[in-house]
Amino acid sequence: MTPFTYARATNAADAIRLAGDTGARYLGGGTNLVDLMRETIERPSRLVDVTGLSNAIEVRADGGLVIGAAARNKAVATHRAVRTRYPILSRAIVAGASAQIRNMATVGGNILQRTRCAYFYDHAGARCNKREPGQGCDAIDGFNRMHAILGASPACVATHPSDMCVALCALDALVHLEGRNGERTLPLTELHRLPGDRPDVETMLEPGELITAIEVPALPFATRSRYRKVRDRASYAFAVVSVAAALKLEGDRVKDVRLALGGVAHKPWRAWKAETALRGQPATEPAFRAAAEAELADAKPLRDNGFKIGLARRTIIAVLDELTGANT
Amino acid sequence: MSADHSAAALPLAPENWPTGSAPDPLIRRQHGLVGKQLSRVDGPLKVTGAARFAAEVKLEGMVYAALSCSTIPKGCISMLDTTAAENAPGVVLVMTYRNAPRLKPVPSFLTAEKAAGGDDLPVMQDECVHWNGQPIAVVLAETQEQADHARSLIRVGYEAAPAITGFEQAKAAGRHPASFFGEPLKNEIDDAEAALSAAPYKVDNVYRTPRHNHNAMEPHAATLAWNGDELTVHDCTQAVAHTAWSLAQAFEIEEKQVRVLSPYVGGGFGGKSLWQHQVLAAAASRLAGRPVRITLSREGVYRVVGGRTTTEQRVAISAAADGRFSALVHTGVVAMTAHNNVPEMFIFPARQVYSAGSFKLAVETVQMDMLANTFMRAPGESVGTFALECAVDELAGRLGMDPVALRIRNEPEKDPMSGRPFSSRHLVEAYRAGAERFGWSGRSATPCARRDGEWLIGMGVATATYPYFRMPGGAARITLSENGDAKVEIAAHEMGMGTATVQAQVAAERLALPIERVSIVYGDSALPGVVIAGGSQQTASIGAAIIAAQRALVAELLRLAGNASPLAGLAPDDVGARDAGLCKLDEPERYESYTSILSRAHRDDVSVEAAAPPPDELARWSMHSHGAMFCEVRVNAVTGETRVTRFLGSFDCGRILNPKTAASQFRGGIIMGLGLALMEETEFDERNGRIMNPSLSEYHIPVHLDVPEIDIIWTDIPDPHTPMGARGIGEIGITGTGAAVANAVYNATGKRIRDLPITLDKLL
């Protein structure tokens with residue numbers, strides 16, 4: 001770990017001021033950032049602790065939610081409104097990490113957590129364009145069973161590891177930001193970037209910009225939603241593939257649908273193509289299959305992860321099948 | 001809890017028990033302390049945090065160490081800049097090959113009686129790099145954080161040399177016949193290949209197992225200090241005497257100038273021996289003139305401590321229509337280095353589990369440029385039973401026979417290799433009891449027959465086996481105090497297995513003392529004995545040492561008793577232990593308590609030391625434990641995820657000394673076996689020999705949710721040729737487990753996975 005200074009912010013403006021110009025990082029639960037600092041992958045000159053900022057979970061009149069960025073993952077997952085109106089979000093959070101980590105981790109920090117690509121983590125021994133732009137990528141021809149099949153680039157094949165973000169993307173969540181130039185709001189689907197030739201730039205955040213809250217718009221049919229995480233052991237493992245879906249039926253047809261994938265790309269992957277393909281279609285396995293195939297048409301396998309394409313397809317179909325049969 | 005006072009006197013074990021003239025009389029003792037379900041004596045210390053582990057010992061003036069490790073597999077350091085590290089806050093010393101004291105290589109395992117080194121490479125003596133992850137610098141600083149930070153400031157450049165980091169590349173470079181303890185790992189009886197080609201029913205396949213890394217809960221650590229030329233090491237080790245001797249060789253000092261203390265070990269499994277970190281910490285301590293604590297990070301354990309090597313095994317079995325094996329072929333290759341000799345002895349099970357008309361068994365090694373591999377829980381048997389027991393399952397399918405019936409059909413009457421009788425073998429009973437309790441008859445012989453929604457359900461079975469060992473060198477000191485307390489001292493180890501508890505039970509029973517009056521002192525190289533906590537042999541080794549020490553103690557007590565005692569004129573074999581004293585066996589009223597003997601002799605205590613007899617029992621009998629492992633899995637038809645839902649281990653391991661600690665040992669082994677079956681795999685990047693998943697988040701071992709309730713039963717039939725009738729139980733749980741899972745997966749899905757671990761992608 002490289003020496004750093006620490007300051008605790010009392011509000012967003014204070015945090016932004018304390019962060020100053022360069023070299024500072026905001027500290028939430030520290031479950032990822034502190035690990036990366038120990039590995040000297042992250043070397044902030046200053047940590048600005050933002051866990052004292054809003055952690056409120058507000059239920060709006062229309063049924064939507066506004067969640068303070070400092071809310072702990074566990075608090076969100078166990079909140080009554082989340083569990084009843086957005087079961088997909090509650091399940092996604094509980095599917096992630098361990099109880100101890102969920103107790104510490106914040107919503108803002110979860111969104112900004114970094115990839116678990118082994119070559120990114122091996123500061124001493126591996127090349128990584130995300131860590132050192134232009135250095136090269138040792139994952140492309142190395143161990144890449146857990147890596148991206150969608151939206152990757154020759155510079156980077158890493159995945160975003162969050163479960164929570166997959167559900168939030170499916171739910172059209174908005175991210176409230178505050179920075180030196182004021183406040184703004186961005187759809188979560190537009191916050192994370194694909195790697196392109198700058199995998200070190202992972203989000204659209206401007207320097208010093210802070211996530212203050214997450215807004216989850218009302219979506220009545222989100223009560224009919226599922227998060228399914230496929231993983232290598234029963235708990236405490238990152239998703240090989242995950243699927244977040246909400247389905248609205250009209251008779252035996254798909255009236256509306258939300259679908260997002262995890263473990264497949266550099267960002268939580270909203271399956272826009274599959275959604276378009278599904279709307280108005282019969283809620284049957286062939287339609288689900290066609291939609292999954294439409295989404296995965298551009299998928300590109302690496303040495304070890306070709307199985308993910310079929311696995312994603314099968315899991316999408318199974319989740320939609322299950323939602324079709326669900327009573328809620 | 002006290003000894004069974006109503007019991008008759010317990011005779012001493014005969015001196016010549018290893019020759020089989022008469023068994024240990026403790027075997028027949030039914031209602032005493034042995035066999036009682038006692039909680040661990042060290043339990044309260046550990047759950048309250050009072051037990052002080054190696055990384056918790058605080059020494060006056062101590063500094064903290066951090067290691068910098070190489071990032072290439074082979075070559076030379078061409079540039080090394082430690083200036084920034086030396087100038088960093090709190091730094092006391094940066095040691096590299098340039099300023100390290102001159103050291104002899106550490107003698108590697110099995111090259112001498114007390115050799116404990118993982119390899120025999122020079123330790124930071126030159127610019128050469130031999131594996132990716134080799135320590136190239138040690139930083140000492142006033143705090144761990146300062147040492148870690150300074151370590152990150154070291155700049156190093158390399159001149160790489162061509163390296164062999166691929167298994168196929170290594171095989172092409174040459175195979176070598178393997179040997180273990182000087183004995184070739186090769187057996188041939190008749191022409192197995194000819195029998196194979198002539199047989200009507202056969203299987204012939206290749207099985208692969210990956211590298212595994214040690215992940216004991218307690219990462220390796222040592223806190224040490226020099227006093228002149230005397231070195232004291234607070235270590236976590238399974239071999240205190242070996243470590244002390246081996247460190248003395250490296251520093252060219254006398255063995256007695258090194259004292260290794262290791263009262264608590266947070267898991268060993270074969271990995272807690274002498275690796276470079278202890279040597280480097282001692283060298284740096286000498287150079288800096290300060291006590292040193294070195295604590296390996298989890299990544300550090302992967303870089304510096306060897307693990308289980310990769311294997312590629314061919315198993316071919318042929319049979320007649322009645323299932324009798326005409327040939328058993330088990331051959332293959334394991335990766336090793338040029339600087340160690342620890343092959344995975346995967347043919348050990350095939351040497352004795354089955355009878356067959358012919359055998360061809362052989363292990364070959366290939367050499368790679370990597371960290372020396374080492375022992376890990378049931379080296380050989382864990383991965384060997386995976387291949388062998390999958391093959392037997394496959395053959396049962398070909399024959400249309402039940403896999404349990406096929407195994408019973410091929411049960412040998414005597415050791416197939418040596419022709420020696422088995423000391424005690426009740427595998428068939430274990431199979432029958434296990435099959436009944438598990439409900440094996442409910443298994444469908446055809447795969448894919450049971451389904452619950454998305455989940456395919458299957459059952460599998462496999463044989464577990466591990467040898468009985470007793471290594472030479474066991475010795476113990478018993479000190480009996482005038483107040484009736486007994487202290488047993490032996491340079492043995494408690495790594496969480498229950499050794500201290502079980503041996504207190506045994507010693508109390510033998511001495512006819514309440515267990516509260518007996519203490520077992522261990523984990524100190526200054527104590528008698530050269531006992532390794534490995535090979536599941538510590539129980540027998542300590543047991544034999546206590547037998548010998550008790551004989552010496554009784555002889556001394558009879559001498560002290562003198563003519564005024566009711567015991568006057570008696571010889572050790574005339575007496576037995578009863579009620580905290582001795583009595584004549586056939587005249588129990590001729591009794592005197594230990595306290596009375598000592599007080600009449602005006603002695604505060606009496607102390608004797610004795611060595612165990614050589615392990616001659618191993619030359620007379622074929623000595624092995626066995627088990628029948630039953631497993632039920634559910635495999636998700638959509639995602640390929642496998643979840644183990646039921647597991648039963650039915651064991652034949654001689655007499656069980658403490659059901660509570662034994663069941664935990666068996667379960668722990670089985671859980672490790674579930675990991676071997678389904679998830680454990682070291683990602684060794686063959687491009688540069690670097691381990692890419694050195695962390696518990698990426699190197700998967702089972703978490704609680706992966707472990708079902710594990711049912712454990714045992715035959716409890718004493719082995720008449722071992723101390724207490726017991727055979728070691730530390731390792732057998734991991735054996736057979738991998739195959740039981742793989743066979744259950746086949747039964748569930750119809751997919752035969754011969755390449756561990758059985759991850760979901762292999763089942764899609």
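1. In chain A, residues 24 or more positions apart account for 63% of the contacts with a separation of 6 or more, where two residues are in contact if their C-beta atoms, placed from the backbone, lie within 7 Å. In chain B, residues 24 or more positions apart make up 81% of the contacts with a separation of 6 or more. The structure is a predicted model, in which local features need pLDDT of at least 70 and side-chain atom pairs count only at pLDDT 80 or more, while totals for chains, interfaces and linings use all residues. Residues are numbered from 1 along each chain as its sequence is written, and chains are lettered from A and ligands numbered from 1 in the order in which they are written.

2. Chain A holds 12 helices and 12 strands; helices (H or I, at least four residues) and strands (E, at least two) are DSSP runs, numbered from the N terminus. The radius of gyration of chain A is 19 Å, close to the 20 Å that the globule rule gives for 328 residues, so chain A is as compact as a globular protein of that length. That radius is taken over C-alpha atoms, and the globule rule is 2.2 Å times the number of residues to the power 0.38. Along the principal axes, the C-alpha atoms of chain A fill a box of roughly 60 × 50 × 35 Å. Of the 328 residues of chain A, 55% count as buried, a residue being buried if 20 or more other C-beta atoms lie within 10 Å of its own, exposed if 12 or fewer, and partly exposed in between, with C-beta atoms placed from the backbone.

3. Chain B has 18 helices and 33 strands, and its C-alpha trace spans about 80 × 75 × 50 Å along its principal axes. A compact globule of 764 residues would have a radius of gyration near 27 Å, and chain B agrees with this, having 27 Å. Buried residues make up 60% of the 764 residues in chain B.

4. Where the two chains meet, 26 residues of chain B are in contact with 25 residues of chain A. On the side of chain B that touches chain A, helix H3 (residues 144-151) of chain B gives the most, with three residues. That side of chain B has eight nonpolar, seven polar and 11 charged residues; here Ala, Val, Leu, Ile, Met, Phe, Trp, Tyr, Cys and Pro count as nonpolar, Asp, Glu, Lys and Arg as charged, and the others, Gly among them, as polar.

5. Phe143(A) deserves a look in this context. Phe143(A) lies in the loop between helix H8 (118-121) and helix H9 (164-170) of chain A, and it is buried, with 21 other C-beta atoms within 10 Å. Apart from its neighbours within four places in sequence, Phe143(A) is in contact with Ala118(A), Asp304(A), Glu683(B), Asp685(B) and Met692(B). The C-alpha atoms of Phe143(A) and Tyr119(A), which are 24 residues apart along the chain, are separated by 8.8 Å.

6. Helix H5 (residues 87-94) of chain A is mostly covered, with seven of its eight residues buried; among these are Ile88(A), Leu89(A), Arg91(A) and Val94(A). What covers the buried residues of H5(A) includes helix H3 (73-78), helix H4 (80-85), helix H6 (99-104), H9, strand S9 (225-230) and strand S10 (241-250) of chain A.

7. In chain B, helix H17 (residues 659-678) and helix H18 (residues 737-749) pack at an angle of about 50°, with their axes 8 Å apart. Axes are lines fitted to C-alpha atoms, for helices over the stretch in contact, and angles run from 0 to 180 degrees between N-to-C directions. The angle makes H17(B) oblique to H18(B), given that angles under 35 degrees count as roughly parallel, over 145 as roughly antiparallel, 65 to 115 as roughly perpendicular and the rest as oblique. Residues of H17(B) including Ile670(B), Gly673(B) and Leu674(B) meet Thr737(B), Gly738(B), Val741(B) and Ala742(B) in H18(B), and the contact has seven nonpolar, three polar and no charged residues.

8. H18(B) also packs with helix H10 (residues 381-399) of chain B, at an angle of about 35° and with the axes 8 Å apart. Thr385(B), Phe386(B), Glu389(B), Cys390(B) and Asp393(B) in H10(B) meet Gly738(B), Ala739(B), Ala742(B), Asn743(B) and Tyr746(B) in H18(B), and these residues divide into five nonpolar, three polar and two charged.
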